[in-house]
Amino acid sequence: QTKPLASVLKDVCDAWSLPNAEHYALQYVDGRQTYITESNRGEIKNGSILRLTTSPDQEAERLYSGIQSNNSDVKTDSLKKLAGLSQDVTFAQEFINRNGLKQIFYIVEEGNASPGSVVLTPCEWEMLAHTLKAFMELMEHDFVSWETLSAAFIKKIVSYVNMNTVDASVQQLSLSILENMVPTSRLLFELVKKEVTLDRLLTHLQVTNAQLQLKAMALLIALLLAATDAERRDMMDYLQEKNIRQFIHKNIIHSSEPLGDEMAHYLYVLQSVSLNLCERRMRTSMDPYSQEQRELLQSLRQTAFESESEAPASNFSTERRRSLCAKEFRKLGFMNNSNPAEDLRRAPPGLLALDNMVYFSRHTPNAYSRFVLENSSREDKHECPFARSSIQLTLILCEILHVGEPCSETAQAFYPMFFGQDHFFEELFCICIQLVNKTWKEMRATQEDFDKVLQVVREQITRTLSLKPTSLELFKTRVNALNYSEILKLRQTERLHQEEKKSMLQAELRERLKPELLELIRQQRLLHLCEGTLFRKISSRRRQDKLWYCRLSPNHKVLHYGDVEEGVQSPPIESLPEKIPVADMKMLLMGKECPHTKEKSSGKQNKDVLELAFSIVYDMEEYCLNFVAPTRYEFCLWTDGLNVLLGKEMTSERTQTDLDVLLSMELKLRLLDLENISIPDTPPPVPKPPSNLNFCYDFS
């Protein structure tokens, strides 16, 4: 890495007696086969395999000539290699500098396939696919603007999307090219929107080829995101007419194939775009002078109290009628009953709340009347205000569903039930407003508890949505099953869990206990070394035939070791002839660092040995005593013990496990509520065994 790349290449070329080192380059063998340059050479990792190959400029020149060949085999092979190499930024720049894109445009524009007729052979389709793939890869590097594409080229790409009998890979690449064009300029968006109709995209969505389906969805999403609000609304209305939601719900979400991340993201965006159509109403306050809005407001009152007011209301004076209306609006739960439009001046949720209330009253009139009349008959302080609840619930739903927020570029969190239901937002509101009334009764709430009730309802909705119910019916069942008592249980469980994990006092106590417990672990490790362990010697032929024993002296100053016979479990320390004073120990080596593992060949057995090998470097001459532990447990205990003797930290995974267990036990003991309870200094005596064991319980 210290020598210039040109010098490295010259050395390699000289070693192989290759002239003109400047005509060669290094390239990764695996992965994307990127060329090595001065700018990316720092990314080379140990173990990477590189090969000597033709330099990017020479390769670009060769392929530029190859794609102009009259020999179809040479041309196809050149285009295939071009598609692969174009991923590399160095090669791409060299090829584009030679005006290579112009030649690619020529190949596509002069293709024989014309709208309505297909006269290409399979080989020609393959050649075209490689050409389009190379074009896509070259354009990814942003050396050339998409706006520079010629009308003839775009027309040709559009024709491949609109034709019925086209090679699938060519159609996929054509859809990808159009998808990349759409966001770059308004002109290109309008061109693609005009030439590729929504009907055509829907046709591609209904094919069985998953990749073609994915590319069609990608182009549809790109068009929706690039459109103006009015265009987007028209497009979504048209898609709704064509029942795209039901198709997606049935054939994409519930297809036999698992849903990929890319398709999940597109469905999230489609859901987000659809829900954001509510944004305009959500951000619009009620206009008290709008006749249409006033009529919607009055329809709420008339639907709820029609039977009561149909009789002699017309005979009442204006004052009496106004008083009656105010009374009915108060029963509906408006805070400003004399002028209910004031309640809807807050935006968000604005007119969206009014739309939801009207939808609920018209599509579920029985549930609406029951809600209003039931609360009208309750005591004033216990009635659940329908209008106030609806306004707040609409705001909650907008926040949960991120209405009015821009789409995330990576999110995949869509709700399957969204695609299984028309008027999703309104239908969800209808379920949730009835949930508000149910939860209000379960909590025995009063007007002062309004915010608490809505907080519980928010929690019920978010918890149920996190389960990803596949239909609104299933959502309704689950959200109603998650009653107030269940919410309290869940909160209690989570609170206990949080308190256990996040308590600052516990964290402080853990830190105080650590030194004491680490010392306990150190003593246990040294005791284990004093007891000693039986090790096997591994010869150069990998035969594990000789045994030897090693143990630490009780005063922790000398390591004793020596060969032992098979069957000897714990030889006395005097029988071990070899000694290493602890004071002479220099360092501990593990795994690949050990001298007895460096010359071993690769293989599963060697990998096992690597994980269990450790060595002690000792004396001035730096001799090594090499170990291969019989188990991972012994390896951890011995390496920890030797680190303690060397005055270093214990680093094995066993140390952390033991520390966690001891800390957990000690914390639980320290946090026991032992106030006014005397703890004896000595353990209680074990009771005597019973005089006989002939006892049992008679359960009859």
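Visitor: Leaving aside neighbours within four places in sequence, which residues is Lys242 in contact with?
Guide: Lys242 is in contact with Asp199 and Leu202. Contact means heavy atoms within 4.5 Å.

Visitor: And how far is Lys242 from Leu198?
Guide: In sequence, Lys242 and Leu198 are 44 residues apart. In space, the C-alpha to C-alpha distance is 9.8 Å.

Visitor: What should I know about the model itself?
Guide: This is a predicted model, where local features need pLDDT of at least 70, side-chain atom pairs count only at pLDDT 80 or more, and totals for chains, interfaces and linings use all residues. Residues are numbered from 1 along each chain as its sequence is written, and side-chain values use heavy atoms, with hydrogens and water left out.

Visitor: Okay. Where is Lys242?
Guide: Lys242 is in the loop between H12 and H13. Helices are DSSP runs of H or I with at least four residues, strands are runs of E with at least two, and both are numbered from the N terminus.

Visitor: How accessible is Lys242?
Guide: Lys242 has 41% relative accessibility, so it counts as partly exposed. The cut-offs: buried is under 20% relative accessible area, exposed is over 50%, and partly exposed is in between (1.4 Å probe, protein chains only).

Visitor: What about Asn243?
Guide: Asn243 sits in the loop between helix H12 (229–241) and helix H13 (244–253). Its relative accessible area is 40%, partly exposed. Phi of Asn243 is near 55 degrees, a positive value in a residue other than glycine.

Visitor: Why point that out?
Guide: Most residues other than glycine have a negative phi. Asp142 is another case, with a positive phi of about 60 degrees. Asp142 lies in the loop between helix H6 (122–139) and helix H7 (151–162).

Visitor: Is Asp142 buried or exposed?
Guide: Asp142 is exposed, at 62% relative accessible area.

Visitor: New topic. Where is there a cis peptide bond?
Guide: One joins Ala347 and Pro348, with omega about -10 degrees. Another cis bond joins Pro348 and Pro349, with omega about 10 degrees. Pro348 is in the loop between helix H17 (318–331) and helix H18 (351–363). Pro349 is in the loop between H17 and H18 too. Most peptide bonds are trans.

Visitor: Now a helix. Which residues of H23 are buried?
Guide: H23 covers residues 472–481, and Leu472, Phe475 and Val479 are buried there. They cover an arc of only 50 degrees around the axis, so they are on the same side of H23. That arc is of the directions from the helix axis to the C-beta atoms.

Visitor: Why can spaced-out residues share a side?
Guide: An α-helix has 3.6 residues a turn, so residues three or four places apart point the same way.

Visitor: What do the buried residues of H23 pack against?
Guide: They pack against helix H21 (424–443) and helix H22 (450–465). On the other side of H23, Glu473, Thr477 and Ala481 are exposed.

Visitor: Zoom out. How many helices and strands are there?
Guide: The protein has 29 helices and nine strands. Of its 700 residues, 43% are buried.

Visitor: What is the radius of gyration?
Guide: The protein has 39 Å, while a compact globule of 700 residues would be near 27 Å. The radius is taken over C-alpha atoms, and the globule rule is 2.2 Å times the number of residues to the power 0.38.
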